[in-house]
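Please walk me through this structure in plain terms. I am new to it and would like to know how its parts are held together.

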Amino acid sequence: QVQLVESGGGLVQAGGSLRLSCAASGRTFSNFVMGWFRQAPGKGREFVARITWSAGDTDYADSVKGRFTISRENAKNTVYLQMNSLKPEDTAVYYCAAASMRTCSGTYCYSRNAYDYWGQGTQVTVSS
């Protein structure tokens, strides 16, 4: 079955960096969009970034644009989220997700409802 396993979260000071990884297995993801979402305490799950597995096209939430970079490594079936210049408001549980390109199009692809598969999440805490 499909598995998405996140790693790389932790505690970091404001201004620091972390790199999250998402190891994907269980099927071929070449026709999928891979996304990162986050959920802070008491808030909903929000879109952070996405990448198309085949072409590598990327898109970011305005709140992280210029600070975060999403990438993928085909040989390892792994998606990364490089997070720089971290702020306390980036504190959240970060989730990796996968969506079929057939259903994940346009603005709908910013919604968690477009994604079929989810990881268990990894905690990122940024101290001030």
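**Disulfides, sheet and a buried arginine**

C96 is buried, with a relative accessibility of 0%; buried means under 20% relative accessible area, exposed over 50%, and partly exposed in between, with a 1.4 Å probe and protein chains only. This is a predicted model, in which local features need pLDDT of at least 70 and side-chain atom pairs count only at pLDDT 80 or more, while totals for chains, interfaces and linings use all residues. Residues are numbered from 1 along each chain as its sequence is written, and side-chain values use heavy atoms, with hydrogens and water left out.

C96 forms a disulfide with C22, S to S 2.1 Å; a disulfide is a pair of cysteine sulfur atoms within 2.5 Å. C22 lies in strand β3 (residues 18-25) and C96 in strand β9 (residues 92-100), so the bond ties together parts that are 74 residues apart in sequence. Strands (E, at least two residues) are DSSP runs, numbered from the N terminus. C22 is also buried, at 0% relative accessibility.

The structure has two disulfides. C104 is joined to C109, and both of these cysteines are buried.

Strands β1, β3, β8 and β7 form an open antiparallel sheet in the order β1-β3-β8-β7; two strands pair if DSSP finds at least two bridges between them. β1 (3-7) and β7 (68-73) are at the edges with a single partner strand each, so one side of each has no neighbour in the sheet.

R50 is in strand β5 (residues 45-52) and is buried, at 15% relative accessible area. Its contacts (heavy atoms within 4.5 Å) beyond four places in sequence include D57, D59 and C109.

Methods: Helices (H or I, at least four residues) and strands (E, at least two) are DSSP runs, numbered from the N terminus.
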